[in-house]
Amino acid sequence: MKPGNIVDIDRQCVWHPFTQERTAPPPLPVASARGASLFLDDGRELLDMACSWWVNVHGHSHPKIAAAIARQAATLEHVIFAGFTHGPAVRLAQGIVDALPAPLERVFYSDNGSTAVEVALKMAWQFWRNQGRTDRRFFLAFQGGYHGDTFGAMSVGRTSGYYVPFEDLMCEVRHVPFAATWIGDEACAEREAAALEELDALLAACGDQCAAFLAEPLVQGASGMNMCRPEFLRAVVERMQAHAIPVILDEVMTGFGRTGTMFALEQAGVVPDLVCLSKGISGGFLPLAATVASRRIYESFLGEDFHTAFAHGHSFTANPLGCAAGVASLALFKEEDTLRRIADITHAHRVWLADIATLPGVTRPRALGSIAAVTLGDGASDYHAGVGAAVKAKCFERGLLIRPMGNVVYLMPPACVTREELLRAQEGLTRVLKETATLYAS
């Protein structure tokens with residue numbers, strides 16, 4: 001295939017995600033990537049400030065992860081994981097368990113974030129049925145949460161605004177307020193108290209019917225990088241545990257250093273029953289996911305016959321190539337002091353936010369780990385709001401891959417980003433916000 005034909009052929013036979021194919025501009029052909037940069041077929045460079053949909057951790061085409069995949073491909077590319085095992089899957093599982101608090105000790109592999117959540121929901125549901133408890137009839141989740149696009153994941157994330165065509169097909173979920181906050185927020189404690197009061201009322205009325213509670217810890221990603229204080233998450237989890245409700249934390253986006261610690265749950269000091277992982281698990285190289293279960297959840301599936309077993313699996317469960325990438329990625333956290341690099345990014349973000357928060361119409365500055373976000377204007381807006389599209393287009397002209405969500409604009413660089421690259425992105429976005437101010441500043 002000639003490089004010049006890629007876009008034309010794409011338009012004839014490819015269907016892209018989260019895209020209105022009739023009105024979308026032609027997709028950009030990417031020839032290569034290295035570090036924090038993407039390189040297009042025409043030679044242009046884009047700083048990837050969205051980590052390619054939040055999956056990239058150490059930088060594009062990291063040579064150590066690439067070499068690990070190549071070695072594994074020459075040895076064992078894949079094998080059925082029912083009745084078999086292999087070194088990369090075992091080593092990665094051990095590394096994940098070692099990084100998580102006890103008693104999270106059993107790793108169930110799948111292939112993406114949505115299925116990791118789906119697996120967790122099914123585990124929590126069957127956990128009760130294996131004990132003869134059919135009275136646990138609904139799930140509980142935060143308003144605005146997004147957990148993926150399969151049906152169980154859509155159900156718990158139905159208030160995120162993405163799933164209107166499918167509402168008649170979803171399972172029963174009750175949603176409670178998420179007490180979002182930001183830098184300089186003086187009313188945070190009041191909103192937290194109101195949210196906890198509403199939660200207490202729900203638990204008093206029907207907490208004994210709840211099968212599990214699911215949340216994105218500290219940051220709701222796709223809803224607009226909404227952030228809460230660790231104390232709020234801890235208060236919610238403590239209430240769930242007091243009612244014997246299994247807690248599922250969706251660390252698909254927040255895991256593997258994104259929030260400044262290996263996992264966001266560390267900052268809240270909580271230990272859930274199930275943790276969902278994906279995106280950064282392979283360093284951003286290959287599709288891979290894991291649902292990590294506590295001893296209590298795992299042991300409820302043990303028995304003398306298949307009746308209580310977990311009948312779920314994927315063709316590419318524990319793919320050796322993805323697991324080898326994951327093992328190499330975990331090693332890089334120590335070799336390259338990745339969390340320290342992310343701490344430096346956090347500091348730079350906060351300095352930058354203090355500056356742009358003075359711009360007209362730029363509100364709710366917030367930062368955690370490698371994430372920095374602001375809201376343009378005061379009100380919520382549609383995912384494809386005009387202001388976001390305008391910011392995205394102007395950032396592209398400046399060599400920046402920025403992917404706003406409605407009127408929320410964020411930076412999320414990989415840990416390898418240099419001080420100069422980050423400054424270039426911050427200064428470029430600042431100029432764009434000034435140029436587009438008439439779209440959101442009153």
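Reply: A salt bridge, as the term is used here, is a side-chain nitrogen of Lys or Arg within 4 Å of a carboxyl oxygen of Asp or Glu. The model under discussion is predicted.

Domain 1 takes in 6-61 + 337-439 of the protein chain, while domain 2 covers 65-334. Their centres, taken over C-alpha atoms, are separated by 26 Å. On the side of domain 1, 31 residues are in contact with 33 residues of domain 2. Between them the two domains bury about 2600 Å², and 68% of this area lies on carbon and sulfur atoms. Of the area that domain 1 buries against domain 2, 23% is supplied by Trp54, His58 and Leu368, more than by any other three residues.

The side of domain 1 that touches domain 2 can also be described by its elements and its residue classes. Helix H2 (51-54), helix H12 (338-356), strand S13 (362-368), strand S14 (371-376) and strand S16 (408-411) each supply at least two residues to this side. By class, this side has 20 nonpolar, seven polar and four charged residues.

Most residues other than glycine have a negative phi, and most peptide bonds are trans. Another backbone feature concerns the peptide bond from Ala102 to Pro103, which is cis, with omega near 5°. Pro103 is placed in the loop between H4 and S4.

A search of the whole structure finds 15 salt bridges. In one of them, Arg295 is joined to Glu105, with 2.9 Å between the closest N and O atoms. This pair links distant parts of the chain, since Arg295 belongs to helix H10 (residues 295-299) and Glu105 to strand S4, 190 residues apart.

Aromatic pairs number 17 in the whole structure. Among them is the pair of Phe81 and Tyr109, which is edge-to-face, with 6.2 Å centre to centre and 75° between the planes. Here too distant parts of the chain are linked: Phe81 is in the loop between helix H3 (63-73) and helix H4 (87-99), whereas Tyr109 is in strand S4 (residues 104-110), 28 residues apart.

Conventions
Residues are numbered from 1 along each chain as its sequence is written. This is a predicted model: local features need pLDDT of at least 70, side-chain atom pairs count only at pLDDT 80 or more; totals for chains, interfaces and linings use all residues. Side-chain values use heavy atoms; hydrogens and water are left out. Domain bounds come from an automatic or database domain assignment. Contact means heavy atoms within 4.5 Å. Buried area is the accessible area (1.4 Å probe) that two parts lose on being put together, summed over both. Helices (H or I, at least four residues) and strands (E, at least two) are DSSP runs, numbered from the N terminus. Ala, Val, Leu, Ile, Met, Phe, Trp, Tyr, Cys and Pro count as nonpolar, Asp, Glu, Lys and Arg as charged, and the others, Gly among them, as polar. Rings of Phe, Tyr and Trp (its six-membered ring) pair if their centres lie within 6.5 Å; planes under 30 degrees apart count as stacked, over 60 as edge-to-face and the rest as tilted.
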